[in-house]
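Good morning, and thank you for coming. Please look first at the sequence and the model on the screen, and then I shall take you through them.

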Amino acid sequence: MALQRPASSGAVEDEDGEGGGGGGGGCEGSCGSGGPALAGATSDFTPPEGGFGWVVVLAATWCNGSIFGIHNSFGMLYVLLQEEMPGDARDPALQFKTAWVGSLGMGMIFFCSPIVSIFTDRIGCRTTAASGAAIAFIGLFSSSFTKSLEVRYFTYGVLFGCGSSFAFQPSLVILGHYFKRRLGLANGLVTAGSCLFSMGLPLLLKIIGRSIGLAHTFQVLSAFMLVQIFLSLTFRPMFPSTSDPHDVEHVKLDSRSWRQQCMSQMRKYFNMRVFRKKSYRIWAFGIATSVLGYFIPYVHLVKYVEEEFKETDKGWIVLVCLGATSGIGRLTSGPIGDLIHGLNKIYLQVASFILLGVLCMMIPQCQEFWGVIVVCLFLGLCDGLFITIMAPIAFELVGPMQASQAIGYLLGLMAIPMTAGPPIAGLLRGCFGNFHLAFYFAGIPPLVGGLVLAVVPVIHQRKLRKQQLESGKDKMLVLETVMNGEILPGSPAMEAHI
């Protein structure tokens, strides 16, 4: 799943806040503790719209492409991991345990999302991204020195997954520092460029996987993260600093206890107000439900093709097809979503999830390898479609000021089901001897989640109509008060009313 969260095309402070996407309000430069003066300085800032920004675009492309190219190509690593492990590859326990390696890696990206936003806001994009790339490098490189799945849960799953999250999110936030009018173009270039990695890495793993072995393959992949460490140094912030020395003095002179101050900071960065909106709660639940089966094809399709069609040399093609059409879906769904008014955009997500569920269930019905290829082409389109319009829908549901928190919490909620899906599918494969039931299982959550999402616009419109009626009643009460002479001409209340 190649997650791309484009920055908003609105005001600069909103662009950056959306890009950070976490519970802490990763809006570097506008949501810090600098107070009104700094907020005003940020709002007056004009991005350069190019120049050194194109170097940042190149670095962000490498970051997004290498990270999600590796994660989305785990199906190739999955086969190599099973070949390296002693015992029968059909053992249910082995299928289950091997899938956890990749699932933890992808799940940690989403699980860490709210926390990454806090670091991005407090220490900046450059430091956060470089530190994350370093952690990801250590995770991949250390994975080459062990053959234990349990150790790789930590090195690949935890270290590489967390490092990926810390490196990835700042690469999107920083685009809002350099672009406003051309922000859509910048995001499009990052999206298109990163898709080239998702298409090329499966072929690379196919070539080097069996020729140099799994251990050296991990070392080659770690080189991508090593390059990213140096590219992250280009993420030079352009917004005014959010740190205000007066705030530091205020904290020092605060008469509250340290526990009260800690609770105050926790409430500041982990604001749960978005969950008060019923439409957002339903939307988040629907998305989290849908992604339970979402990552299963990325992990198990290569192994399925080898077992079902004896295509040991063509399994990588399905991942290339997924990456290619996912890029096309992301590039085209943005303009399409712009043509759809308001929250009706969510029906695009409904269609993508329902189609994704049906396509997953069609995989076991394919009698030939080319049939699986066709299914994968449409699966990739569904991937790009639902991901691209996630941010615009969040803006419609909670508004620009809370969109960053809404997206961050949503990604955190997605972590658990996305992590659990592939291991469950692996367990089903081991118990029943094939992947048929696993792919049927993968299709059910997107269908259920799509139906849940379909009711969100209805509930949202009903709430808006209720607010309009209450607003109309308040205006009528004010007019009646004026007519009854309770507000005298010349009084402050009358002047405010006029």
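**The chain as a whole**

Of the 498 residues in the chain, 55% are buried; buried means under 20% relative accessible area, exposed means over 50%, and partly exposed lies in between, with a 1.4 Å probe and protein chains only. This is a predicted model, in which local features need pLDDT of at least 70 and side-chain atom pairs count only at pLDDT 80 or more, while totals for chains, interfaces and linings use all residues. Residues are numbered from 1 along each chain as its sequence is written, and side-chain values use heavy atoms, with hydrogens and water left out.

The secondary structure comes to 22 helices and 0 strands. Helices (H or I, at least four residues) and strands (E, at least two) are DSSP runs, numbered from the N terminus. Among contacts between residues at least 6 apart in sequence, 85% join residues at least 24 apart, where contact means heavy atoms within 4.5 Å.

Helix α6 covers residues 113-123, and its buried residues are S113, P114, V116, S117, I118, T120 and D121. Just after α6, G124 takes a positive phi of about 100°.

Helix α7 covers residues 125-143. How far apart should its ends be? The expected span is 1.5 Å times one less than the number of residues. The 19 residues of α7 should therefore span 27 Å, and the end C-alpha atoms are 27 Å apart, which agrees. Buried residues of α7 include C125, T128, A129, G132, A136, G139, L140 and S143. As a reminder, an α-helix has 3.6 residues a turn, so residues three or four places apart point the same way.

Y156 is found in helix α8, residues 149-173. Is Y156 buried or exposed? Y156 has a relative accessible area of 1%, so this residue is buried. Leaving aside neighbours within four places in sequence, the contacts of Y156 include F74, V101, G139, L140, S143 and F218. Y156 and V101 are 55 residues apart along the chain, yet their C-alpha atoms are separated by 6.7 Å.

A215 is found in helix α10. With a relative accessible area of 26%, A215 is partly exposed. A215 and F141 are 74 residues apart in sequence and 8.8 Å apart in space, C-alpha to C-alpha.

**Nonpolar cores**

A nonpolar core is a set of buried Ala, Val, Leu, Ile, Met, Phe, Trp, Tyr and Cys residues joined through side-chain atoms within 4.5 Å. The largest has 102 residues, among which W283, V318 and M414 touch the most other members. Helix α19, residues 400-432, gives the most to this core, with 10 residues. A second, separate core of 14 residues includes V56, A129, F179 and V190.

**The largest cavity**

On a 1 Å grid over the protein atoms alone, a cavity is a set of points where a 1.4 Å probe fits but cannot get out, and lining residues have an atom within 4 Å of a point. The lining of the largest cavity includes M76, L80, L205, R210, E306 and W316. The elements that give two or more residues to this lining are α4 (74-84), α10 (183-231) and α14 (296-309). Which of them gives the most? The answer is α10, with 4 residues.

Notes
1 Å grid on protein atoms, 1.4 Å probe; cavity = no way out; pocket = protein on both sides within 12 Å on 5 of 7 lines; lining within 4 Å.
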